[in-house]
Amino acid sequence: MKNIIGFALFLVVASAQGQIEKRDVHIAVGGKVALYYLPLTITERLGYFKDEGLNVRISDFPGGTRSLEAVVGGSADVVSGSYEHTINMQSKKINFQAFVLSGAAPQITVAISSKLAGKYKSPKDLKGLKVGVSAPGSSTNMVVNYLLAKGGLKPTDVAIIGIGAGANVISAVDQGRVDVISQTDPAVTILEKEGKVKMIAETRTPEGTEKLFGGPMPAASLYAPVEFIRKNPNTVQALANAMVRALIWMQEASPQQILATVPEEYTLGNKAMYLFAYNNVKTAYSKDGLFSEAGAKTTLKALASFNPAIKPEAVKLADTYTNEFAKKAFAKYGKGKK
């Protein structure tokens, strides 16, 4: 009987939004335990993907570049990662497009070991230090590269070390394997509260992001090869529906509801600190899944500041994102709709 009801519900979903071309979708993500990817976890845990008629499998990788490689290599369909990668890939003549925004700010903090904090005055003082990022080429790497450029340094003036996310970040600092971290919460908040690192720059909030980058900076998103989106528009719409529904739920949810939804291991053994970290970044989540042209322009300017391969005049920004799917999703679930 349950199978019959489930199939009937699927038929209702399929008829309402058009036949889903690909029910089984594989999403690659880099560091899912981080608060950066909380909307993805919420969407999964509340069953919103299933509600849209999808069977979603999520594979976690050490960083954003690794999850992107999985899709480029054909072992996954969609990336849950930083919007900036669509611009990077276009510069390499590989066309990706972001179709729903979950992070309106990067939530990435650059912090220096407390043992070295007394010597730090400006970004130029980072020269020669070991910087721990989630993975080389990831958005955590991008933020520190931008900070280095502001200090007149090149990316090669520091040693970039991939240390993953979550508990791995804490152990890398404790073991002295890195001098500086460019990382997401809750790991950074835990290290700060324990007095092990001092913040240099933060993008946990729209205000902090504006201060560092001079404008809005879109962050976590779902993006995929343009060809995948063209071939599977109803599948992509279903993914966008689920994510936007989660973003709307998050706007109304209490911190305790958030905590009750995420896997316990994501709290890194300290639920109180996880909630503290969540409160630090809760304004960084998108409310509607939509990209702004201003944010896309800020991203392009930031990337071009340290990457000579990015030629702003050659980039077609309008091709790196679309609001078509998120607008439909918000029309379905926004304004008090469930």
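## Cavities

A cavity is here a set of points, on a 1 Å grid over the protein atoms alone, where a 1.4 Å probe fits but cannot get out, and its lining residues have an atom within 4 Å of a point; grid points are joined across faces, edges and corners, and a volume is the space filled by probe spheres set on the points. The structure is a predicted model, in which local features need pLDDT of at least 70 and side-chain atom pairs count only at pLDDT 80 or more, while totals for chains, interfaces and linings use all residues. Residues are numbered from 1 along each chain as its sequence is written, and side-chain values use heavy atoms, with hydrogens and water left out.

A search of the whole structure returns 2 cavities of 30 Å³ or more. The largest holds about 110 Å³ of space, and among the 15 residues lining this largest cavity, Gly 30, Tyr 37, Ser 134, Thr 140 and Thr 184 are the closest to its centre. Helix H6 (139-150) and strand S8 (180-184) each contribute at least two residues to that lining, where helices (H or I, at least four residues) and strands (E, at least two) are DSSP runs numbered from the N terminus. The lining of the largest cavity comprises 4 nonpolar, 11 polar and no charged residues, with Ala, Val, Leu, Ile, Met, Phe, Trp, Tyr, Cys and Pro counted as nonpolar, Asp, Glu, Lys and Arg as charged, and the others, Gly among them, as polar.

Strand S5 (residues 108-113) pairs with S9 in the antiparallel sense over 5 bridges, and Ala 111 has Met 199 as its bridge partner in S9.

## Strand S10 and its partners

In strand S10 (residues 220-225), 5 of the 6 residues are buried, that is, under 20% relative accessible area with a 1.4 Å probe and protein chains only. Strand S3 (residues 78-82) runs antiparallel to S10 and is joined to it by 4 bridges, with Ser 80 opposite Leu 222. Strand S4 (residues 96-101) is also antiparallel to S10, through 5 bridges, and Ala 98 stands opposite Tyr 223.

Conventions
On a 1 Å grid over the protein atoms alone, a cavity is a set of points where a 1.4 Å probe fits but cannot get out, and a pocket is an open set with protein on both sides within 12 Å along at least five of seven lines; lining residues have an atom within 4 Å of a point. Two strands pair if DSSP finds at least two bridges between them. Buried means under 20% relative accessible area, exposed over 50%, partly exposed in between (1.4 Å probe, protein chains only).
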